[in-house]
Amino acid sequence: MTGISALLKDLQRVAEAGREVASSAVEELAEETASVARSRIVSGSGASAPGSAPRSKTGRLERSIAVVIKRAKNTTALVGTDMLHGRFLELGTGKMEPRPWLMPAFEEAKGTVWGGLKAEFEGRI
């Protein structure tokens, strides 16, 4: 095996490890985001303060939070709810200030997941 052949083989191994780690990280980040989002929604009645996570009397919003993973050439993930009310809470309306719950959950989860990403990648190469 020539030096160039060995280098190409090593580069292919690094690229494959990178794809596997990235795919795993996307899935882990999506699941962690959903978990954190569910935990941010507070049980109780009455409206939450603008800028803080929403309150929920029924628990429907927490139960509606779902993760959809699409594995193809690149792994993608969707995290959210099919409840229109969830969008109104996250972004606000013309009459209501936002009560963000999803983006703050993503930011929190991102810090948790990315912390272990480098070590996992280095362990595979």
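1. The largest pocket of this predicted model is lined by 17 residues, and R55, S56, K57, H85 and L89 are those that lie nearest its centre. On a 1 Å grid over the protein atoms alone, a pocket is an open set of points where a 1.4 Å probe fits, with protein on both sides within 12 Å along at least five of seven lines, and lining residues have an atom within 4 Å of a point.

2. Local features need pLDDT of at least 70, while totals for linings use all residues. Residues are numbered from 1 along each chain as its sequence is written.

3. The space in the largest pocket comes to about 290 Å³, a volume being the space filled by probe spheres set on the grid points. At least two lining residues come from each of β2 (55-56), α2 (60-64) and α3 (84-91), where helices (H or I, at least four residues) and strands (E, at least two) are DSSP runs numbered from the N terminus.

4. Strands β3 (residues 66-70) and β4 (residues 76-80) pair in the antiparallel sense over 5 bridges, pairing being defined by at least two DSSP bridges between two strands. The two strands form a hairpin with 5 residues between them, and V67 has V79 of β4 as its bridge partner.

Note on methods:
Predicted model: local features only at pLDDT ≥ 70, side-chain atom pairs only at ≥ 80, totals over all residues. Heavy atoms only, no water.
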